[in-house]
Amino acid sequence: MKILFAADLHGISRLYEQLFELAKGADCVLLGGDLLPTQIESSLSLIRGNFNFNFTLHHQLTFIDQVLKPMLDQFRQSHPTVKFLHIPGNHDWQVALDHLDNSLNISSIHKRIIKQDGHSI
C-alpha cells in the first residue's frame with residue numbers, strides 16, 4: 001500500500017496541484033492538517049482580540065467549494081480508488097472540516113483508527 005502524506009498546504013492551489021500529481025501513484029492520501037487558507041484581515045485584530053472568525057471561515061468554505069472540489073472531482077474521474085483522509089490542523093475550522101467531510105468525502109481520522117486495504121491507519 002502506498003500512502004502519500006502532505007501537511008501545511010494552507011489552501012495554496014499550486015501545492016494542491018502538486019499533491020494531485022503525486023497522488024496518481026498512491027492508494028491513499030493522508031492530509032496532515034492546516035489544509036485550508038487562513039485569511040486574516042489584520043494581525044492587529046488578533047492582538048486586540050477582535051478577530052473576525054466569520055471572514056476566515058468564509059474563505060475556507062469558498063476554497064473547498066471553488067478550488068478543492070473541482071480539483072478533487074477531476075482527479076477522482078481518472079483515479080477513483082484513491083482514498084483521501086485528513087487530520088485537522090490548528091488553522092482548520094471545524095465547520096469547514098465538516099463541510100470537507102460531507103461534500104468531498106474526505107474522512108477525518110482524528111482520534112480514530114481506520115482499516116485501509118488490511119492496514120491500520
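Me: What should I know about numbering and thresholds?
Reply: Residues are numbered from 1 along each chain as its sequence is written. In this predicted model, local features need pLDDT of at least 70, side-chain atom pairs count only at pLDDT 80 or more, totals for chains, interfaces and linings use all residues, and side-chain values use heavy atoms, without hydrogens and water.

Me: Is Gln 60 buried or exposed?
Reply: Buried means under 20% relative accessible area, exposed over 50%, partly exposed in between (1.4 Å probe, protein chains only). Gln 60 is buried, at 0%.

Me: Which backbone nitrogen lies 3.1 Å from a polar atom of the Gln 60 side chain?
Reply: That of Trp 93. Contact means heavy atoms within 4.5 Å. Beyond four places in sequence, Gln 60 touches residues including Pro 37, His 91 and Asp 92.

Me: Where is Asp 92, and what does its side chain reach?
Reply: Asp 92 sits in the loop between β3 (83-86) and α4 (94-104). Helices (H or I, at least four residues) and strands (E, at least two) are DSSP runs, numbered from the N terminus. The Asp 92 side chain reaches the backbone nitrogen of Gly 89 at 3.0 Å. The backbone nitrogen of Leu 35 lies 2.9 Å from a polar atom of that side chain.

Me: What is the nearest side chain of opposite charge to Asp 92?
Reply: Lys and Arg count as positive, Asp and Glu as negative; His and the chain ends are not counted. A salt bridge needs a side-chain nitrogen of Lys or Arg within 4 Å of a carboxyl oxygen of Asp or Glu. For Asp 92, the nearest is Arg 112, 15 Å away; Asp 92 is buried and has no salt bridge.

Me: How far apart are Phe 63 and Ile 12?
Reply: 51 residues in sequence, and 9.4 Å in space, C-alpha to C-alpha. Phe 63 is in helix α3.

Definitions and conventions. A polar contact is a pair of N or O atoms within 3.5 Å; within protein, one must be able to donate a hydrogen and the other to accept it, and residues adjacent in sequence count only if both atoms are side-chain atoms.
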